[in-house]
Amino acid sequence: MSYIPGTARERAEMLADTGCKSIDDLFSCVPESVRLKAPLNLPEAQTEFEVLSDIESIAAKNRQYKAIFRGAGAYNHFIPEVVKSLSSRSEFVTAYTPYQPEVSQGILQVIFEYQSVICRLTGMDVSNAGVYDGASAAAEAFAMCRERGRNKLITFSNIKPQVLSVLKTYACSAGAKVEVIACVDGLADLGALGCALDDTAACVYIEQPNYYGLIENAQDIASLVHEKKAKLIMGCEPVSLALLKTPAEYGADIAVGEAQGLGLELSFGGPYLGYMASTTANMRKLPGRIVGKTTDSEGRDAYVLTLQAREQHIRREKASSSICSNEALCALTATIYCAAVGREGLIEVASQSYSKAHYAAKLFSAIPGFGLRFSGEFFNEFITDCPCDAKKIMSALAERSILGGKILDCGRILWCVTEVNTKAQIDEVASILKEVTAV
Amino acid sequence: MSELIFEKSHEGRRAVYFPECGVESVSLPEKYARTSPAPLPEVAEVDLVRHYTNLSRKAYGVDNGFYPLGSCTMKYNPKINEAAAALPGFTHMHPQLDEADAQGCLEIMYKLSRSLCEITGMDAITLQPAAGAHGEFTGLSLIGAYLRDNGMSARTKLIVPDSAHGTNPASAAMNGFTIVNIPSTPDGFVDLDALKNAVGDDTAALMLTNPNTVGRFDRNILEISKTVHDAGGLVYYDGANLNAIMGIARPGDMGFDVVHLNMHKTFSTPHGGGGPGSGPVGCKSFLEKYLPSPLVCEDNGKYTFFTPEKSIGKVQSFYGNFLVYLKAYCYIRVLGGTGLKQASENAVLNANYMLEKLRDTYDIPFEGSCMHEFVMSLDKLKHETGISASDIAKGLIDNGIHPPTMYFPLIVHEALMFEPTETESRETLDNAVEVMKKLYETAKTAPDTLHAAPVTTPVGRPDETAAVRNPILKY
Ligand SMILES: Cc1ncc(COP(=O)(O)O)c(C=O)c1O
């Protein structure tokens, strides 16, 4: 198989036109000593038919569940067919970054719409075109906040572990500090925050809802953070923002998050989409692409990549981030998803997730041994105790093709319920919990 | 018309309906609720479909035509890759699944990692980075961790040639390194004397793109890596240009310690209008223990995750852009070792063919053949006619060709960088050559028509200065 159109004869003629005798001549600048002497040791080439059936058989080794009650940073929502159909148009899929605005108005306009959607969901002033994922968005936001003498990010033990890990990796590489403080009842501890907020603190990062699914009292946190002249970064799940108070309403300086919930498949963790939005005051510190609206010489509306003086290709080592390629097609998908479900639809997704999660929490926690771990207000995830080895619960659920919640290190279970989980499924989980623990 | 989706919104319109909730509806306590609904668009499905279909017609991808965007390897993106990445057996996999439930995903990760090690001559690979620059950040973090771990924290200087892509120095700065820029020769090669002067006790590493950003293979490559190693530093390989050398030479054999690859260039995964990409990082065995967590190992057909002993931690929430590198896996399986080599040979052949045909007309700032891409300078033309690299680029647009990369590398003035890739036919190249020659004539005879280009597009050249002066960044 090959994707080369040229025939052997055409290639020979072209080679002759270059003045070279053999293909090897074209590589004469490659020192003999580093030339590979043997072919690459890879599996034999196969036809597309063979490769696809092989890949299908590999996919079949994955286990597909009919119902999913697991979240912890990736959420199973319904994705309307129209979203998949439009986002797979090959003009979008096979284009590069829109460096040439005249032939890229379609892509630039979608990114402009994406930025508008993010600003509307978060209430923030400005959004960039997105970054790799929610965790790297948090790390990039930290970089935006650092200044001379202020080199520390403060966060809580109730943020997603994967986000904390990425924050630490980025901080460690940059010689910056991440301080993790404990929680009270699963929520950020204001007292401890007050102590940690010294004048080396650049910013505080909280998640809304947090890893445990709880809704933080972000108002009090914001006041405290700003009193100490630090910045507040809020990691908000975008679907929840259809209902929850926005980071802007809380006074956050930067809002970030994992936008996978907006129409992106679970896909074993990627590609996902990190969104980043800020107040106007922080606009010029945002990393990555930003699209702006302008006009052409005839006064027609036109969109362009703008404020590029922030970026690596202009600023090089003085840029705050090296991001170049981002997750543009995911941003396009998220935009189309938001337009497809629309204003009412996103509210419905969020409120159904909320109502069903509360129904499930009530049902599960009524079963002996499955009490709710925390009493705080939650969105669509909650933690229950588990009176037995939680793996036993998972296997029993798996037998009915249900993926149970995530088992936490403490042996408790973090459940997630979204609009796609039906009442019947929730009831089924409850009855399995009962069955397993009754014996 | 360029109306936004928001401007097509009508209160009460819907495209998607949801089943009845089925449980009692509870409402969020007011103190946690947003004061007003997020004003998202309200449109019918047909509005939505027309809106985005029409926008797609104002986009230009590899599927639309020739896209010789240098340094970006805009090769054809095989459709089978998309089919593989659309299999529910992959798209429905939750990243928080236990290993036992995701054996197929782990198998792909394992096998792809092995193949990439073979292609690059490295010992271990992480698939976690989401793009090339993310790979750079990750690879340099490995180097930083290694230096700290071995009492070499005083090695803080990262040497970067002035021909490097902007992401190189930016990634180095993110890792807290001090950047030492060294000049290149006019061919974009490393200036060996400058390198020898730059290395020392404080050298952390050299970061190098090879073939370089002018499209040439540095014949001193072994001496370069040796010079840095002798000084106690490491060498990092920016693999953006790997499409020139697959099956021909390997970064690992050239003495490099770390390499990043771009699945969205070399391995045919589409670029999505800016992403998602995938930027795996390979390293030699002495750096493996620092790789991001987790890696996959295999035992008797069973795949498991493990955390390297001194892992730098995670660089992405889960396992990287799985569906993207799944496409790369598919591509490597279809081509095999022979096919990959053939791809590189033809990429180099196509570039040289174009180069030879254009050499008499345009200024090529170096002698001899190129690798998979070449750079021309329009400096002289600009002085003579006022026509810049950008003007020629816009002229290409009016002829149905996507422009090459402009103004990169920075060491070539008024640069245009052509990378035709192996998947283009001779007619396509001939046509592009003819258009380029015609544009040269136009530059000499009727420069004003080029200043006005493009005229065949939905909009002409946007006023970028106004966009910066008065930023309008949302509706
Ligand atoms: C030489 C070189 N290095 C690094 C990069 C960055 O890669 P990415 O855009 O995938 O982050 C590019 C991309 O254009 C490049 O050409």
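1. Let's start with a pair of side chains in chain A. Glu179(A) and Lys152(A) meet in a salt bridge, with 2.8 Å from N to O. A salt bridge here is a side-chain nitrogen of Lys or Arg within 4 Å of a carboxyl oxygen of Asp or Glu. The pair links distant parts of the chain: Glu179(A) sits in strand β4 (residues 177–181) and Lys152(A) in strand β3 (residues 152–156), 27 residues apart. Helices (H or I, at least four residues) and strands (E, at least two) are DSSP runs, numbered from the N terminus. Glu179(A) counts as partly exposed because its relative accessibility is 23%, while Lys152(A), at 4%, counts as buried. The cut-offs: buried is under 20% relative accessible area, exposed is over 50%, and partly exposed is in between (1.4 Å probe, protein chains only).

2. Before you go on, a word on what you're looking at. This is a predicted model, where local features need pLDDT of at least 70 and side-chain atom pairs count only at pLDDT 80 or more, while totals for chains, interfaces and linings use all residues. Residues are numbered from 1 along each chain as its sequence is written, chains are lettered from A and ligands numbered from 1 in the order in which they are written, and side-chain values use heavy atoms, with hydrogens and water left out.

3. Next, Arg412(A) and Asp385(A). Their closest N and O atoms are 2.8 Å apart, and they form a salt bridge. Here, too, distant parts of the chain are linked: Arg412(A) lies in the loop between β15 (406–407) and β16 (413–416), Asp385(A) in the loop between β13 (381–384) and α14 (390–399), and 27 residues separate them. Arg412(A) is partly exposed at 25% relative accessibility, and Asp385(A) is partly exposed at 28%.

4. Now look at Arg400(A), which forms a salt bridge with Glu435(A), the closest N and O atoms being 3.3 Å apart. Arg400(A) is in the loop between α14 and β14 (402–403), and Glu435(A) is in helix α15 (residues 423–438), 35 residues away. Arg400(A) counts as partly exposed at 33% relative accessibility, and so does Glu435(A) at 44%. Over all chains, the salt bridge count comes to 42.

5. Strand β16(A) deserves a close look. In a regular strand the side chains alternate between the two faces of the sheet. Here Ile413(A) and Trp415(A) point one way, Leu414(A) and Cys416(A) point the other way, and all are buried. Which strands does β16(A) pair with? One of them is β13(A), antiparallel over four bridges, and another is β15(A), antiparallel over two bridges. (Two strands pair if DSSP finds at least two bridges between them.) Ile413(A) stands opposite Thr384(A), and Ile413(A) is also the bridge partner of Ile407(A). β15(A) and β16(A) form a hairpin with five residues between them, and Gly411(A) in the turn has a positive phi of about 90°.

6. How many disulfides are there over all chains? A search of the whole structure finds zero. A disulfide is a covalent bond between the sulfur atoms of two cysteines, and the cut-off used here is a pair of cysteine sulfur atoms within 2.5 Å. Take Cys20(A): the closest cysteine sulfur is in Cys370(B), 9.8 Å away, which is too far for a bond. Cys20(A) is buried, with a relative accessible area of 16%. Cys119(A) is in no disulfide either, the nearest cysteine sulfur, that of Cys338(A), being 13 Å away. Cys119(A) is buried as well, at 5%.

7. Over in chain B, strands β2 (residues 157–161) and β3 (residues 178–182) run parallel and are joined by five bridges. Pro161(B) has Ile182(B) in β3(B) as its bridge partner. Together with helix α6 (residues 167–174), β2(B) and β3(B) make a right-handed β-α-β unit. Right-handed means that, with the strands pointing away from the viewer, the path from the first strand over the helix to the second runs clockwise.

8. Finally, the interface. 197 residues of chain B are in contact with 175 residues of chain A, contact meaning heavy atoms within 4.5 Å. The area buried between chain B and chain A is about 16,000 Å², and carbon and sulfur atoms give 63% of it. Buried area is the accessible area (1.4 Å probe) that two parts lose on being put together, summed over both. Seven salt bridges cross this interface. In one salt bridge, the side chains of Arg70(A) and Asp98(B) meet at 3.7 Å, N to O.
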